[in-house]
Amino acid sequence: MSKTETQDHFTWDASGRAEIDGYDLAELAEKYPTPFYLVSVGQLRDNYRRFRQAFSAVDGLKCYYSVKSNFESIVIRTLTEEGCGGEISGALDLELVKRAGMPPENVVYDGPRKTAEEIQAALEFGVHLIDIESMTEAKTINAIAQKLGKKVNVGIRIDPLLPRPYYDKMITTYKAKFGFRLDQALEAAVAINEMENLRVTCIMTHIGSQVFTPTRYLETLNRIFDLIGQLKGRGITIDEINLGGGYPAQSMKNWRLSRRIVLARILEKFGRLEADVKSIDDFGSAISSHYHKLRKDTGLDPRLSLEPGRCLVSNAACMIGHVDIVKNDWVFTDVSINDVPENLFFSEWRMVLPGRSPDEKGGQLYNIAGPTLATQDVLYFQKELKDPQEGMPIAIMDIGAYSIARSNQFTRPRNAVYAIDESGAMILVRQAETVEDVLSKQVWDDRIQSLSAKAG
Ligand SMILES: Cc1ncc(COP(=O)(O)O)c(C=O)c1O
């Protein structure tokens with residue numbers, strides 16, 4: 001196998017053995033206190049290399065990993081080692097890329113509302129550029145740059161105003177919530193470029209997450225090239241197009257979405273509900289060749305950059321737990337929606353029962369729930385399971401993106417993160433929180449007592 005070919009680090013065979021990088025998940029579920037997250041560093045590296053390979057036709061391509069999608073130390077450090085840059089969205093992400101040793105010129109700063117302190121810290125660190133989303137923000141950055149005596153490169157984030165598929169209306173960017181509307185971007189860029197301490201060098205966008213096909217990126221590129229042609233006419237040279245993230249995780253189950261429930265039911269009946277997701281190679285070749293075509297057609301020569309998150313980390317982490325209670329058609333596990341809080345409207349994480357065959361058929365329908373009292377603490381609705389047993393292990397795959405990063409402490413502390421490192425060793429990369437940890441930031445002292453005395 002060549003270095004860039006992706007290897008699936010998870011296997012589940014007919015005997016029931018489910019393993020990642022040679023580790024039997026059933027054994028791990030007995031050895032370590034559950035639930036816990038498990039990251040495969042090898043899978044992460046392969047995903048990144050495959051992503052680069054898919055876009056290898058683009059010279060000088062820059063990748064800024066979307067740090068917020070999974071900010072575990074081992075993830076950021078591994079990607080930094082691979083030469084990947086980072087897309088940060090605030091003080092936390094900035095500190096993380098510093099700790100990982102990511103060079104500042106590989107870091108971009110995005111987000112609709114950045115504080116003055118964060119902007120100053122990012123400029124002092126020397127980020128490659130800040131992507132601007134509003135005139136208010138432009139003025140703040142200009143003032144801080146002036147104070148620091150710097151002229152700084154900035155990007156203009158745009159909403160390309162693409163026609164929106166049904167699912168996109170539900171889950172991603174509301175119209176022009178992020179960035180400038182395409183029809184306002186030209187004037188905004190000109191006005192920002194006139195600010196004394198700012199230089200507009202990049203047009204940036206982000207069109208959604210788990211985007212199924214490359215088509216929408218191609219249309220976005222058309223609109224961006226058109227905009228940078230107009231900017232050239234106004235004397236502004238754009239040297240970078242940043243297409244943002246959204247490239248899909250391949251291993252999640254994805255559903256065809258229809259506004260019509262009846263149609264969805266018919267598709268389901270005939271086993272046609274699962275949607276095809278184009279491979280990362282398809283995304284790479286479609287986007288690269290369209291980019292080259294537009295450069296040739298327009299004579300413009302911006303370099304291309306991308307901000308992948310989900311497609312790098314999704315299948316590089318899973319969560320391992322146990323079934324604790326089986327009651328009627330409810331199966332309660334120790335894994336909660338706190339641990340995997342991302343709302344997936346159109347995709348599903350793979351559920352694995354280590355020790356059981358993946359081909360097991362003929363069970364009943366169960367809802368798989370977490371242990372909290374939240375009504376929405378349900379991991380799967382109406383899953384076919386054969387004779388679920390209390391005490392059996394369960395693994396939720398594909399949760400590397402926006403799960404650990406968004407986990408919360410509703411009624412219980414957050415769980416530990418382990419990783420299988422390059423040498424094949426299991427290492428602890430985040431300790432499980434204790435009740436003490438959770439309460440350590442609460443105030444329980446005289447101030448509270450005096451408040452209750454006043455109230456009394
Ligand atoms: C600005 C920006 N860039 C990149 C990403 C990464 O997207 P994904 O994880 O879908 O690749 C996000 C995710 O929300 C984002 O907001």
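Two strands count as paired if DSSP finds at least two bridges between them. Strands themselves are DSSP runs (E, at least two residues), numbered from the N terminus. The model on screen is predicted, with local features needing pLDDT of at least 70 and side-chain atom pairs pLDDT 80 or more, while totals for chains, interfaces and linings use all residues. Residues are numbered from 1 along each chain as its sequence is written, and side-chain values use heavy atoms, without hydrogens and water.

Start with strand 2, residues 18–20, which pairs with strand 3 in the antiparallel sense over two bridges. Select Ile20 here; its bridge partner in strand 3 is Tyr23.

Now show the whole sheet: it is open, has three strands in the order 1-2-3, and its pairing is antiparallel. Strand 1 (10–12) and strand 3 (23–24) are at the edges with a single partner strand each, so one side of each has no neighbour in the sheet.

Look then at the polar contacts (pairs of N or O atoms within 3.5 Å):

- Gly246: a polar backbone atom is 2.8 Å from an oxygen atom of the ligand.
- Glu307: a polar side-chain atom is 2.6 Å from a nitrogen atom of the ligand.
- Tyr402: a side-chain N or O atom is 2.5 Å from an oxygen atom of the ligand.

Key: Polar contact = N/O pair within 3.5 Å; in protein donor to acceptor, adjacent residues only side chain to side chain. Helix = DSSP H or I, 4+ residues; strand = E, 2+ residues; numbered from the N terminus.
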